[in-house]
There are 2 protein chains.
Amino acid sequence: MLSGYNRIGNTESGEGSSTLEVFSTIGQKNLPEKFFIATREEMEGAISKAEKAFAVYKDMPSAEKARFLDAIAEEILALGDELIERAMLESGLPESRLRSERGRTTGQLNLFAELLREGSWVEAVIDTGKPERKPLPQADLRKMLVPLGPVAIFGASNFPFAFSTAGGDTASALAAGNPVIVKAHESHLGTNELVASAIIRAAEKTGMPDGVFSFLVGRGPITGLQLVKHPSIKAIGFTGSYTAGMAIYRAAVNDRKVPIPVFAEMSSINPVLILPSKLEKESEALSSQLVASITLGAGQFCTNPGLIFLISDKFSDRFLKSLTQKMAESSPAVMLNESVCRNYYRTRQATAHQKGVIKLWKGEDLQAEYKASSTLLQVDARDFIVNPELQSEIFGPASLVVKCGNEQELTEALQSLHGQLTATVIGESNEIKKFKNCLDILASKVGRIVFNGVPTGVEVCYAMVHGGPFPATTDARSTSVGADAIKRFTRPICFQDCPPLLIPEALKNENPLKIMRRVNGQFTQLPI
Amino acid sequence: MLSGYNRIGNTESGEGSSTLEVFSTIGQKNLPEKFFIATREEMEGAISKAEKAFAVYKDMPSAEKARFLDAIAEEILALGDELIERAMLESGLPESRLRSERGRTTGQLNLFAELLREGSWVEAVIDTGKPERKPLPQADLRKMLVPLGPVAIFGASNFPFAFSTAGGDTASALAAGNPVIVKAHESHLGTNELVASAIIRAAEKTGMPDGVFSFLVGRGPITGLQLVKHPSIKAIGFTGSYTAGMAIYRAAVNDRKVPIPVFAEMSSINPVLILPSKLEKESEALSSQLVASITLGAGQFCTNPGLIFLISDKFSDRFLKSLTQKMAESSPAVMLNESVCRNYYRTRQATAHQKGVIKLWKGEDLQAEYKASSTLLQVDARDFIVNPELQSEIFGPASLVVKCGNEQELTEALQSLHGQLTATVIGESNEIKKFKNCLDILASKVGRIVFNGVPTGVEVCYAMVHGGPFPATTDARSTSVGADAIKRFTRPICFQDCPPLLIPEALKNENPLKIMRRVNGQFTQLPI
């Protein structure tokens, strides 16, 4: 049963007089539950508990934090069908997708638990002192990554599990040793409450300090920005729109005495470059693969392929005919919420009316049913290059084909691209090598470059980079998916001539954690 | 012979009609040379060359980049006494200090060359594909750090070699594969030109592309900010005042279409906490050590110990008497430039007039000779806690003693501290352990914590963190000194299912560079 309350640490709280309800696009009505918007005092309570929890939590052994993360995964699974059903109602996403997203979410928690048990993520570096050095002795210097303090996390509507309450940012922030305060996403408040209750149960079962996790219900521009500006919040994780992301980023820099890091993943249209030989030889397979990627989950993926670059010839024409036909055959699907649906039709309309844009396929407007019909537009490279409006994200099952007259036009069109999460290159190895210049340009714009595949599908593993140059994110040095996401919510600290009694475990001569360290420049797991 | 020209890549250029001269505080007059302020066209020329150079430079083998860095060090040494003499005239710093700073600067270049030859700094991570995985195959994912593009660097006046033209930021940016454009520091334009000429000679001798290095003469608020706002500049390194640093940081976030990372090291007053037992047992040695650190280089170090915390008792009184006497005995020294000197007297005056501040020692005003006389002020913790003005940096040979009535006051005083580069704790191991709470608070505020030493003296090595929470820097995740500084000017990129033909060396199965990599979660130097 949903209470509609906030969680101030382990305590349920609904002091406010205002509430929010969730509109279900699949049910085409408001769901019955009311969720209490957190008051300023409730926010202060959550932050104050987080600060106290931090003092204890940061120093808890990694093994205990790992147990906490694994327990969260267990408690999420223990919610069973209730969670899946609520998420279906709130997100309009189908059951199979949500079951697999739940698996990804628990897998993510387990990965960070594994990372903590292994321990090397702290990047221990040691330079042993040289007291005999002339003219001055060299101090003993030891450094490692440490957590920052309370982190505020804003989840995304399109991944109600994997990028929300117990998503990647929460998992990595907790793993690194930071308490987390989630601003619950307004379009899946029930899902949020269920997942949050699982986190709290896990925290209680594994003996975590009260305040290691809280969540607040509220509106982004009010509750959200209050959180961002609060002096005790030390970093922000955000996944969502460009507008909201930039509001947070600017507030974190301009409206605080002490600016804090903001990891905002915002907008990406994920260019796909198809080279001539593949258009000639694999036209049908390619068009099927691309349409599936464009329309997957009603196109509501940050890695949705929104731009297709090709050099115009008879094979490209054949390919586009096939692509158009398959787009027309794709089924409309219910979107996440009203605003996502409204924006989809608004932005596809805006793009369709730009200079030189040709409509290859435009499904009928199904806004009344909150469904997205697919869209395939086309424009000449010359028009694309001069018009940045054509790089506005159409969040949904839409793509814009950029037809290039020749390699020179292609190069210029790629050069005009904004920062992206991904780029995809489809071609034979030798052919891609011939287009090395294009590959270099694409690589300079993205966090991940996919060869002969599609950009959708983001593996949770060690080598993933789910991030990229602005405006894809506010910080291209980071990833929101994969093991290295743990580094977001950390900073290095160096201990100079620290008495052995006081040296943190990770930096002790004996290397009791048996982690990989850089000692006097050499990588080693051996003791000193 | 100094030409007064800018360097647009390998070309000397002085198209402008305005010039700057350098005032020598030691000579008490303007030096005769005129330096041409770069025109907008010259800046565009440098940036355009840097962009072209980047396309070539980024892909050059590490060994060649390492040769370039070593060659810069050689060419700097080859400048011989001319460089030292010019720097003495321009900075007022003594010869021995400048010789040792030159050694540090060349050592820094050699360290990055070593790092490049070793190669593991790219943080290669590989997850090999699992084509047989069900329900979906796992892609092959490989990631590494790559350079960003042209970097603009603003040096500091207080380290005309080590934090300027060929300083840490230039060395790390070049090492990572980025072309560098230096905005020459206005107070050592001749030193800058000599060092820049050494860099250019090294670039030519080692076959680096024209444009890998340029420098521009100009004023910070004009030329400097134009550089910061230029769309082709991808990151900023800065060391200097809070005001200038924040102007750059805000411009990089607010006045650009695409915000860029800014690594600004700004202001730090480096608290020193002396615990009771040491005050009792080592009063004389401690006061000597501290006075030496406070007055070193006329106190013009970012790690100068500007705050001394102690708990009031009869031993602290004895210590302060000794400290005061030794401060009074310290010799005034010439400061770096007019503005540093003016600011020193202005800020010490401002602090001395704050509520509750007692003057233990205040040397006479020697502004007419551009000399700093030392200053020792004292304030009660209760006054310190409520007055953030007392945390304004007095850049020069000054320190403020914060007398705490008891441990509770000490804790609160430490808690009120802003972010710092360093904190120092002086005490016996068991005693420090008893003050664990204070140690934790200090650790949360700083990038480096020094035990039983002084904060001045920043070792160039692998484990150094010369950085810290705001306002010490704009990005506590980074260091400006030591091997990890190379990470500032990089970001990760991931290659998904990359054809073997196109995989970068660092990520090839064979591990031809023999670097340490994380392969399927395990650290290894073995091939796959």
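**View 1. Twelve strands from chains A and B share an open sheet.** In this predicted model, 12 strands line up as S17(A)-S19(A)-S20(A)-S15(A)-S14(A)-S21(A)-S22(A)-S23(B)-S8(B)-S7(B)-S24(B)-S25(B), and their pairing is mixed. The edges belong to strand S17 (358-362) of chain A and strand S25 (522-524) of chain B; each has a single partner strand, so one side of each lacks a neighbour in the sheet. On average, neighbouring strands of the sheet are turned by 20° against each other, direction ignored. Strands (E, at least two residues) and helices (H or I, at least four) are DSSP runs numbered from the N terminus, and two strands pair if DSSP finds at least two bridges between them. Residues are numbered from 1 along each chain as its sequence is written, while chains are lettered from A and ligands numbered from 1 in the order in which they are written. Because this is a predicted model, local features need pLDDT of at least 70 and side-chain atom pairs count only at pLDDT 80 or more, whereas totals for chains, interfaces and linings use all residues.

**View 2. Here strand S22 of chain A meets S23(B).** Strand S22 (residues 446-451) of chain A and S23(B) pair in the parallel sense over 3 bridges. Look for A:Val450, whose bridge partner in S23(B) is B:Gln496.

**View 3. The two chains touch across an interface.** The contact takes 50 residues from chain B and 49 residues from chain A, where contact means C-beta atoms, placed from the backbone, within 7 Å. On the side of chain B that touches chain A, S23(B) gives the most, with 6 residues. 98% of the interface residues of chain B are also interface residues in chain A, so the copies meet through the same surface.

**View 4. A rotation relates the copies.** Chain B is superposed on chain A by a rotation of 180° with 0.0 Å of shift along its axis (RMSD 0.0 Å), fitted by least squares on C-alpha atoms of residues with pLDDT of at least 70 in both. The two copies are thus related as by a two-fold rotation axis. In chain B, the C-alpha nearest the axis belongs to B:Val253, 4.0 Å from it.

**View 5. Helices H2 and H4 of chain A pack together.** Helix H2 (residues 62-78) and helix H4 (residues 95-118) of chain A pack at about 170°, their axes 8 Å apart. H2(A) is therefore roughly antiparallel to H4(A), a label for angles over 145 degrees. Axes are lines fitted to C-alpha atoms, for helices over the stretch in contact, and angles run from 0 to 180 degrees between N-to-C directions.

How values were computed: Angles under 35 degrees count as roughly parallel, over 145 as roughly antiparallel, 65 to 115 as roughly perpendicular and the rest as oblique. Two residues are in contact if their C-beta atoms, placed from the backbone, lie within 7 Å.
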